[in-house]
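This report describes selected local features of one protein model.

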Amino acid sequence: MSGLPSTARVVIIGGGVVGVSALYHLAKAGWSDCVLLEKNELTAGSTWHAAGNVPTFSTSWSIMNMQRYSTELYARLGEEVDYPMNYHVTGSIRLAHNKERMQEFERAASMGRYQGMEIEILTPEQAKERYPLLETHDLEGALYDPHDGDIDPAQLTQALAKGARDMGAKIQRFCPATGVTQHEDGSWTVHTEKGDIACDYVANAAGYYAQRVGEWFKPYGGRTVPMMVMSHQYLLSEEVPEVEALTKERGSKLPLLRDVDSSYYLRQEKHGFNLGPYEATCKAHWHVDGDPMPEDFSFQLYPDDLDRIEWHIEDAMARVPALATTGISRVINGPIPYAPDGLPLIGPMPGVKNAFEACVFTFGIAQGGGAGKVLAEWIVEGRTEWDMWACDPRRFTDYTDHDYCVDKGMEVYGNEYAMHFPHHEWPAARDKKLSAVHDRIKALGGVMGAYNGWERANWFALEGDDTSEDSTRTWDRAGPWQPRIQAECEAVRDSVGVLDLPGFSRFNLQGEGAAEFLRGMITGGLPKAGRMNLVYFSDDRGRILTEMSCLRLGDDHFTLITASVAQWHDFEILKQPLPAGLILEDQTTKIGTMIVTGPKSRQLMAGLTDADLSLGWLSHQNATVAGKPAFLVRVSFAGELGWEVHCANADQPEIYAAILAGGATPFGMYALNALRIEKGYRSWKGDLSSDYSLFEAGLARFVKLDKAQDFCGKAALQAELQQGVKKAFVTLIVEAGDADAPPMSCIWKEGEIVGETTSGAWGYRVNASVALGMLRADLAVPGTELEVEIYGQKCRAVVQAEGPLWDPANERLRA
């Protein structure tokens, strides 16, 4: 049919704000030969009924970056593309009912200041001054974000569309995509009701239809998109004389109000109100056989269901009594997609070459501008300006079945404004993947956490310990877990401990040329056969993609082990460029792993194994343990003498029982975190992220610029070596109060932000609060005094000498 292009560089499926923003940003990057397909009119899905709030607030660094960028783009977009928009930057006030909420606000305000936003902490009286209609008698305080506001979603989308068209991109409305075909060279044909389009890349931006579109990609390595659909209501009131009077008096709208502890927002809409609750008594849609998703739900809504939000309406009336003086003029009840953690999917489609996702946005208007930028970067450059792991589709793996997505989506929605405390675990949809010794771990008192769907013990409780969810609602270090973590760490320090570590991501690589393939991928060197080392992969900027443990089994035979959550991300790093003839297998679910570590670990293992326990650090060997075949690796993330014991799942119960009978104390992930931070061992996507180069992260010893292979990022690292780093990795001892430094806590020097922490914990062997961080390079000198801001409190900190705080010469580790 005339008008439908036969070819394109990129085809985007879905014409909501996110898809159109991606098209706009691709065109801005010079890729104007792109096409967007929309089966109805632009904005016909969730964008159409969205309330249009545009916050910047988040305690996720990447989400805050994305939302901050959106506000900056929206402020200039209308003039830039010559399309008028109703964008009201009113500011917003978030209310706190308790100390813990104020601590969260202090943390977000600090992060915002680092990103250049002047977010303020208010007293209840100051909140009342900015919002005279507000009842404040029971409030602890508030947060004021001057950049918050609201925008007309349809106008925003049309402005982005005009900008994209003006740069040469094409939009096909009323042109449903019907399927895709991938060819041997990795290119695509996208099928539509009006004809086919040949293209290099495809992006799924289909909103709440993203799972249905995702099914088209399964023949090419895809999976079911992890998502579900919630019913979200907001109501518009009739006009309120007090609001009209205040607006005229002030010359501006009231700030947007969020009573996050009561779970709703209240916004001025003309001279009335817009009330939007997130109720615990929420409702999923289109998730059971009797409620199928319709083929087309464009510009449609669900029936009103005000009984579900009656409590929130009454609470909002008590908080702003003027709301009680008016009636309801309209109720909007529409579908909103949810991923299992409430964050969108932006990035490479797992398992599928040349396919991307930008979908499942719960807050698409606030994030749409930034999301379009991020997706365009993924497609054009193969990486993003900011580390965006929080939104990477590969963060969810094979455990996200239908029931999991529905249960987690409802949990997230009902706790939309909940605080994410460091020792809290959300209870819904658990036990998706279990260790072979899971029941034994639980019987020993294991208090569990989920890691890529795998259940691991965070700590081991004794009889009488409070293991309730309520006990974890604190930012503080202290809690029922603290004495148990201390005892676990001391057992590892003084004797021997054992940690069950299911879900360690494990890949087997073999075939002629495997060694040369890896040499061309990694920044450093390979170990000799029978040995292991750490290897790093960088992007073209020399920034950290990932870290793997590389165990060499033969000249061209390797086992690569990486973080549990990195499973699909790291497998794809190896698989995408894999030459013909090499075999790469994911063995994650086949093998169990235990860490046996502490000064008495050799003595314990000697009674259980025929292995040569005199082999040195970073060696590995096949052996039997408790009469079962096992693979022993002489390494310990706890920083003590020890071994990783790898075995078949079926053999693990007997091996684990024998290790316990030999006197090992079970310890959990919280203890491991405390132990590793004393050694300066980095955690993936905490201390190791694509926000930092290998040189900045203090990993120069893992970079070989003199090797022949032209690995990705080599040129950038050579240039950085000549120019010098801007930031440097440091270990800090912090005079912390009740809480240790969370990630992305600001580091201050003489009133200036000079860096950020990447992780923090109490070190029970060194008896101090330890933080790892990135610091302005000229200050990364041992003895430099700084301040670390922890939930609003600036705490004295001192830069430590390079190397581990505990056992700096690694004598215990190598014993």
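A residue is called buried when its relative accessible area is under 20%, exposed when it is over 50%, and partly exposed in between, using a 1.4 Å probe and protein chains only. The model is predicted: local features require pLDDT of at least 70 and side-chain atom pairs count only at pLDDT 80 or more, whereas totals for chains, interfaces and linings use all residues. Residues are numbered from 1 along each chain as its sequence is written, and side-chain values use heavy atoms, with hydrogens and water left out.

## Buried residues in helices

His 438 is buried, with a relative accessible area of 7%. The residue is found in helix H12 (residues 438-443); helices (H or I, at least four residues) and strands (E, at least two) are DSSP runs numbered from the N terminus. Leaving out residues up to four places away in sequence, His 438 touches Asp 431, Met 448 and Glu 455, where contact means heavy atoms within 4.5 Å. His 438 and Glu 463 are 25 residues apart in sequence, and their C-alpha atoms are 19 Å apart in space.

Thr 157 belongs to helix H6 (residues 153-166) and is likewise buried, at a relative accessible area of 0%. Beyond residues up to four places away in sequence, Thr 157 touches Gly 15, Gly 16, Val 17, Val 20, Leu 42, Thr 43 and Thr 47.

## Positive phi in loops

Thr 43, one of the residues touched by Thr 157, has a positive phi of about 75° although it is not a glycine. Thr 43 lies in the loop between strand E2 (34-37) and helix H2 (46-49), and is buried, with a relative accessible area of 6%.

Asn 452 also has a positive phi, near 55°, in a residue other than glycine. The loop that holds Asn 452 runs between strand E20 (446-451) and strand E21 (454-460). Asn 452 counts as buried, at 6% relative accessibility.

## Helix H8

Which residues of helix H8 are buried? In H8 (residues 241-250) they are Val 243, Leu 246 and Thr 247. These residues lie on the same side of H8, because they cover an arc of only 100° around the axis; the arc is that of the directions from the helix axis to the C-beta atoms. In general, an α-helix has 3.6 residues a turn, so residues three or four places apart point the same way.

The buried residues of H8 pack against strand E14 (264-269) and strand E15 (272-277). On the other side of H8, Pro 241, Lys 248 and Glu 249 are exposed. Gly 251 follows H8 and has a positive phi, near 75°.

## Packing of H1 with H3

Helix H1 (residues 17-28) and helix H3 (residues 61-81) pack at an angle of about 75°, with their axes 14 Å apart. That angle makes H1 roughly perpendicular to H3. H1 contributes Tyr 24, His 25 and Lys 28 to the contact, and H3 contributes Tyr 69, Leu 73, Leu 77, Glu 80 and Val 81. By class, the contact has 5 nonpolar, 1 polar and 2 charged residues.

Axes are lines fitted to C-alpha atoms, for helices over the stretch in contact, and angles run from 0 to 180 degrees between N-to-C directions. Angles under 35 degrees count as roughly parallel, over 145 as roughly antiparallel, 65 to 115 as roughly perpendicular and the rest as oblique. Ala, Val, Leu, Ile, Met, Phe, Trp, Tyr, Cys and Pro count as nonpolar, Asp, Glu, Lys and Arg as charged, and the others, Gly among them, as polar.

## Cysteines

The structure holds 0 disulfides, a disulfide being a pair of cysteine sulfur atoms within 2.5 Å.

Cys 199 is found in strand E11 (residues 195-204). Apart from neighbours within four places in sequence, Cys 199 is in contact with Ala 8, Arg 9, Val 11, Ser 187, Trp 188 and Val 190. The C-alpha atoms of Cys 199 and Ala 674, 475 residues apart along the chain, are separated by 50 Å.

Cys 175 sits in the loop between strand E8 (170-172) and strand E9 (177-182) and counts as buried, at 0% relative accessibility. Although Cys 175 and Lys 39 are 136 residues apart along the chain, their C-alpha atoms are separated by 4.6 Å. Lys 39 is among the residues that Cys 175 touches, residues up to four places away in sequence not being counted; the others are Leu 4, Leu 37, Glu 38, Thr 192 and Lys 194.
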